[in-house]
Amino acid sequence: MRRLGVWLLAFAPLTRATAQQRPFTHADTLRGSITPERIWWDVTFYDLHVTIDPSDSTVHGWNGISYRVTGRPRAMQIDLQTPLNVDSMVQDGRMLRYRRDGNAFLVTLAAPQPMGATKTLTVYYHGKPRVAVKPPWDGGLIWAHDSAGHPWISTACQGLGASVWWPTKDTQADEPDSQRIALTIPDSLGEAVANGRLRAIDRRGDGWTTYEWFVTEPINNYDVAAYVGHYAHFTDDYEGEGGRLTLGFWPLPSHLDTARVQFAQTRPMLQCFEHWFGAYPWYRDGYQLVEAPHLGMEHQSAVAYGNGYRNGYRGRDLSGTGWGLTWDFILVHESAHEWFGNSITTADIADMWVHESFANYAESLFTECRYGGTAGAAYVIGTRAKVQNDRPIVGPYGVNAEGSGDMYYKGGNLLHTIRHIIGNDSTWRSILRGLNTTFRHRVVTGKQVEDYMSEHAGVDLSRVFAQYLTTTQIPVFEYQLAGDTLNYRWVDVVPGFDMPLRVSVGPDRWVRLAPRQAWQTTTLPLADQDDIRVDENFYVLARRTRGGRENDTVTRPLDSSSSGSRAHPGGLQQRRPATGPHVPPAGHQRSS
Ligand SMILES: [Zn+2]
């Protein structure tokens with residue numbers, strides 16, 4: 001139901017130049033594009049029933065896929081990854097014929113498929129699903145044990161795809177309106193937790209119990225999660241913009257006391273994000289935080305938590321400023337995805353920056369909510385040291401491929417820069433909240449998000465997005481100063497790059513410039529030539545040159561206290577929390 005218009009899907013692949021990382025295959029196209037076998041039907045409901053058996057690491061069950069016919073019917077593509085296998089596919093009581101093409105099944109339908117009708121196809125399947133190699137990044141089924149030796153099982157499949165453990169239309173471009181997740185496990189295993197709310201527990205008396213969970217709102221299929229283990233459970237309520245939100249926490253029993261302390265960060269997180277982004281998107285389904293045998297994942301209304309009940313990212317500060325150690329990275333970052341990623345979902349993972357750049361910037365906003373704007377800015381600016389500028393943030397379309405991991409730190413800094421281009425926090429907040437009302441529970445292209453922001457910023461941001469999302473160059477503000485005459489321009493930029501910039505001309509005295517690629521001249525009221533400094537909130541480089549003589553340029557950062565490294569702008573002076581320790585930057589590790 002939550003589906004992007006056909007015309008948007010058809011044109012999205014043409015909107016950007018793409019950088020290929022490897023030769024793409026027929027299988028990549030089947031997985032990552034809206035194939036003819038996908039385009040004519042719109043998922044309305046998944047009725048998923050899975051039995052999880054740790055004795056032989058297998059799963060089996062069925063998914064009733066309900067859909068509306070929205071185009072001329074033909075074969076139907078259902079995705080299920082090897083080594084899982086389909087047992088049968090049934091519609092209207094008839095077994096259907098199908099052909100396997102790698103991880104896709106092309107089903108020949110027998111019943112009429114009138115336009116507008118809602119039909120159901122049931123897929124029965126079984127097998128030994130791919131075991132996660134390094135979850136959550138290299139995912140699959142996770143067959144772990146807790147410290148007491150009990151089996152502790154989970155799923156993680158972002159990027160890889162939900163079809164690694166259940167049959168589905170494996171694309172972000174189509175979500176059901178709602179979904180049942182019925183998990184059957186041996187009685188001895190403890191409990192099974194999934195997304196949404198627990199509707200029923202069926203203790204069958206044969207050694208197996210079924211836990212029926214239900215999500216009443218649209219959900220990405222990579223967000224559908226199973227957690228099986230011996231859990232403790234406690235609940236709370238939160239009065240927020242959408243009324244009373246139920247909170248459910250599922251730590252392992254040995255971590256219950258620690259979890260009560262650490263998970264107290266949930267309330268200020270919700271307060272902060274509701275302030276900036278608007279109401280939590282899933283009041284009907286609630287908010288849960290579930291301890292998982294991997295670092296974490298934004299599983300909708302059942303966020304996976306594996307950060308060891310420590311602040312920071314596994315106890316480290318990704319910003320190098322100390323601020324990142326004042327809150328729990330996984331609790332904050334993954335929960336931010338409830339707004340950006342889960343409620344607003346991109347049709348193609350090439351546009352995954354919409355999920356990750358906003359979740360990254362949410363970390364800075366949370367720091368700001370707790371410790372003020374200077375701290376929030378220091379955090380996001382501090383993460384610039386992690387920017388690689390290796391390849392564009394936007395990936396190739398139609399092949400299920402993401403762009404650069406710069407979608408995190410550079411993407412967050414792009415948003416921080418845009419905030420300062422706008423220069424008005426009430427407008428900025430209304431854009432963040434407006435995105436969440438306009439695109440609430442919807443699938444979007446990155447272009448739609450960019451256009452919305454430009455329209456409501458009152459500034460055409462198209463070249464700013466093009467620069468930071470599709471190139472690896474950081475804009476250079478090049479200037480020459482003679483007396484109080486300033487010549488300036490942008491270099492290393494996309495054609496027509498026209499980002500405004502704020503420059504200091506003395507203590508607490510700022511001017512806004514509108515540099516272009518062509519030289520411009522202005523007169524500045526400078527008492528001292530060293531007073532000129534680019535606002536560090538803009539993620540740019542600054543370079544002073546001597547007038548007109550290309551061979552005689554002098555390059556230095558605008559602020560001589562800065563390192564002047566390629567990832568840092570001039571004028572970088574981070575303020576650290578008075579008591580927070582300064583920790584060495586963590587290695588470049590993408591978060592989830
Ligand atoms: Zn993330």
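Where does arginine 310 lie in this predicted model? Arginine 310 sits in the loop that links strand S22 (303-305) with helix H6 (329-336).

**View 1. Arginine 310 and its positive patch.** Lys134, Arg310, Arg314 and Arg316 together form a positive surface patch. Arginine 310 counts as partly exposed because its relative accessibility is 44%, and that label covers values between the 20% limit for buried and the 50% limit for exposed.

**View 2. Tyrosine 313, tucked away in the loop between S22 and H6**. Now look for phenylalanine 329. Along the sequence, tyrosine 313 and phenylalanine 329 are 16 residues apart, yet in space their C-alpha atoms are 5.1 Å apart.

**View 3. An open sheet of 8 strands**. Follow the strands across in this order: S6-S5-S9-S3-S2-S13-S16-S15. The pairing here is mixed. At the edges you'll find strand S6 (94-95) and strand S15 (197-203). Each of these has a single partner strand, so one side of each is left without a neighbour in the sheet.

**View 4. Zooming in on S13 and S16.** How many bridges join strand S13 to strand S16? There are 8 bridges between S13 (residues 178-186) and S16 (residues 208-215), and the two strands run antiparallel. To pick out a bridged pair, find glutamine 179 and then valine 215, its bridge partner in S16.

Methods
Residues are numbered from 1 along each chain as its sequence is written. This is a predicted model: local features need pLDDT of at least 70, side-chain atom pairs count only at pLDDT 80 or more; totals for chains, interfaces and linings use all residues. Side-chain values use heavy atoms; hydrogens and water are left out. Patches are made of residues with over 30% relative accessible area and no salt bridge: like charges are joined within 9 Å, nonpolar side chains (Val, Leu, Ile, Met, Phe, Trp, Tyr) within 5 Å. Accessible areas come from the Shrake-Rupley method with a 1.4 Å probe; for residues, only the protein chains shown count as cover. A salt bridge is a side-chain nitrogen of Lys or Arg within 4 Å of a carboxyl oxygen of Asp or Glu. Lys and Arg count as positive and Asp and Glu as negative; His and the chain ends are not counted. The place of a charge is taken as NZ of Lys, CZ of Arg, CG of Asp or CD of Glu. Helices (H or I, at least four residues) and strands (E, at least two) are DSSP runs, numbered from the N terminus. Buried means under 20% relative accessible area, exposed over 50%, partly exposed in between (1.4 Å probe, protein chains only). Two strands pair if DSSP finds at least two bridges between them.
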